[in-house]
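The sequence and structure follow.

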Amino acid sequence: MTVIHHLRVHRSDESLAREGQLAWHIAEVAADPVEVEPEVVDMIINRVIDNAAVAAASLTRAPVSAARQQALDHAVSIGGDGATVFGCPLERRTSPEWAAWANGVAVRELDYHDTFLAADYSHPGDNIPPILAVAQHVGSDGAALVRGLATGYEVQIDLVRAICLHKHKIDHVAHLGPSAAAGIGTLLGLPVETIYQAVGQALHTTTATRQSRKGEISTWKAHAPAFAGKMAVEAVDRAMRGETSPSPIYEGEDGVVAWMLDGPDASYDVPLPAAGEAKRGILDSYTKEHSAEYQAQAWIDLARKLHHEAAFDTADVESIVLHTSHHTHYVIGSGANDPQKYDPTASRETLDHSIPYIFATALQDGGWHHVDSYTPERAGRADTVELWQKITTAEDPEWTRRYHSEDPNEKAFGGRVEIRLTDGSVIEDEIAVADAHPLGARPFAREDYVRKFRLLAEHVLSADEIERFLDLAQRLPELTPEEVQQLTIVAELGVLAGAPAPKGLF
């Protein structure tokens with residue numbers, strides 16, 4: 001049975017015992033040796049495949065290349081065997097925190113992996129790179145890795161259910177640092193005390209502003225979760241050496257809640273699994289069929305449907321209004337008041353956070369492509385720019401309510417479109433969830449994850465390498481330590497030679 005942890009600020013003279021702190025309860029969840037249910041194991045395998053798919057598609061992109069070069073400039077630390085780096089030969093290893101960094105950027109670069117949205121936002125698949133890197137470094141087997149990943153997902157999703165960061169312009173990776181640290185704690189079988197200290201430091205070092213997702217969005221967007229994963233690895237290392245962290249990190253009168261979130265009078269109710277309760281959080285998350293911000297997924301599907309079913313020429317559009325949730329309107333819609341969202345020369349990172357651009361392009365093309373839909377030529381096409389400027393968003397209270405609903409059968413991430421044509425006619429349609437969502441028209445299953453991997457990997461991995469990885473991933477809970485160390489993707493000869501190799505300080 002789920003336990004609700006009531007989180008509030010405590011004055012220093014209240015002397016809150018660590019056993020009453022959220023970080024301690026997170027550590028208790030991580031240290032609980034409960035078995036991972038078969039349904040959860042199956043979904044973890046899906047997400048390991050999903051992460052590798054999107055990483056493969058991003059291997060030659062500049063931010064991924066920069067992070068990879070940074071990682072490869074660091075030797076394997078002496079405490080283990082090191083960890084693999086996506087794209088590189090199996091024997092080319094680096095220290096686990098740097099592998100977490102490089103692989104985390106590769107996974108996040110295309111904004112194309114799994115998501116969970118509630119009080120805040122998250123991509124819980126960001127837990128996989130740091131936990132896997134540590135597993136490879138220390139020689140964990142597949143069963144231990146599965147347990148660690150189940151914890152990482154559970155803790156991040158539980159925090160996201162309860163604590164809103166974006167309202168205070170704090171980047172959502174502040175929930176990732178603690179979850180990754182907890183997952184590594186489970187992987188290693190660490191005691192509650194050690195995990196508690198690691199969770200505290202991981203949170204303390206990963207609170208940053210949301211400017212990384214505002215205005216002209218920079219390449220740091222892909223690096224932010226990788227940094228949180230790297231900090232989690234370092235936090236665990238420090239805690240294992242007996243060092244302590246700021247406490248109480250959430251509840252202190254100078255802590256995160258009092259000064260970064262809702263203030264000294266705030267309180268939150270955080271759901272966590274009870275002792276002996278299975279960690280099932282991953283089952284409430286969902287992946288992306290399209291390479292774009294999650295709130296765009298349903299809109300792409302609706303635009304695709306209208307392209308094929310509605311008989312009109314986009315040149316005849318007078319205006320398009322997307323009636324949607326508060327988040328979609330203010331973060332990726334016209335309510336953000338970011339002129340960059342209507343700029344044909346905007347960066348890829350900005351375009352994938354512009355629902356006017358995404359809807360216009362998907363409506364014209366009848367689909368979405370992770371590369372072609374973002375090229376400067378595509379964004380600058382005259383008829384697209386003309387249509388794009390006619391698209392606005394509007395907050396609809398009902399869609400906002402459904403967005404925040406705790407009922408999974410009611411929760412929605414779409415909205416209603418109103419297309420007004422120059423002849424005065426109006427076309428209306430709506431969509432609640434993306435087609436790939438568990439409640440969507442075509443929910444993603446194992447074959448869809450495998451197909452996504454094959455599609456994104458076909459130009460960078462050999463046919464034999466694709467099969468090698470898929471075989472390992474689908475046997476995840478049975479893998480030996482040696483096989484876990486091979487759980488990576490190795491690019492075909494010459495692929496990385498054509499990628500940027502920027503030089504820096506290291």
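R304 and D301 form a salt bridge (a side-chain nitrogen of Lys or Arg within 4 Å of a carboxyl oxygen of Asp or Glu), with their closest N and O atoms 2.7 Å apart. The two residues are three apart in helix α11, and are therefore separated by about one helical turn. Helices are DSSP runs of H or I with at least four residues, strands are runs of E with at least two, and both are numbered from the N terminus. R304 is buried at 18% relative accessible area, as is D301 at 3%; buried means under 20%, exposed over 50% and partly exposed in between (1.4 Å probe, protein chains only).

Residues are numbered from 1 along each chain as its sequence is written. In this predicted model, local features need pLDDT of at least 70, side-chain atom pairs count only at pLDDT 80 or more, and totals for chains, interfaces and linings use all residues, while side-chain values use heavy atoms, without hydrogens and water.

**Other salt bridges**
- The structure holds 41 salt bridges.
- K221 and D352 pair at 3.8 Å, N to O, linking helix α9 to the loop between α13 and α14 across 131 residues.
- Both K221 and D352 are buried.
- E289 pairs with R442 at 3.6 Å; E289 is partly exposed at 23%, and R442 is partly exposed at 45%.

**Loop residue A278**
- A278 lies in the loop between β6 and α11 and is buried, with a relative accessible area of 16%.
- The C-alpha atoms of A278 and V29 are 9.8 Å apart, although 249 residues separate them along the chain.
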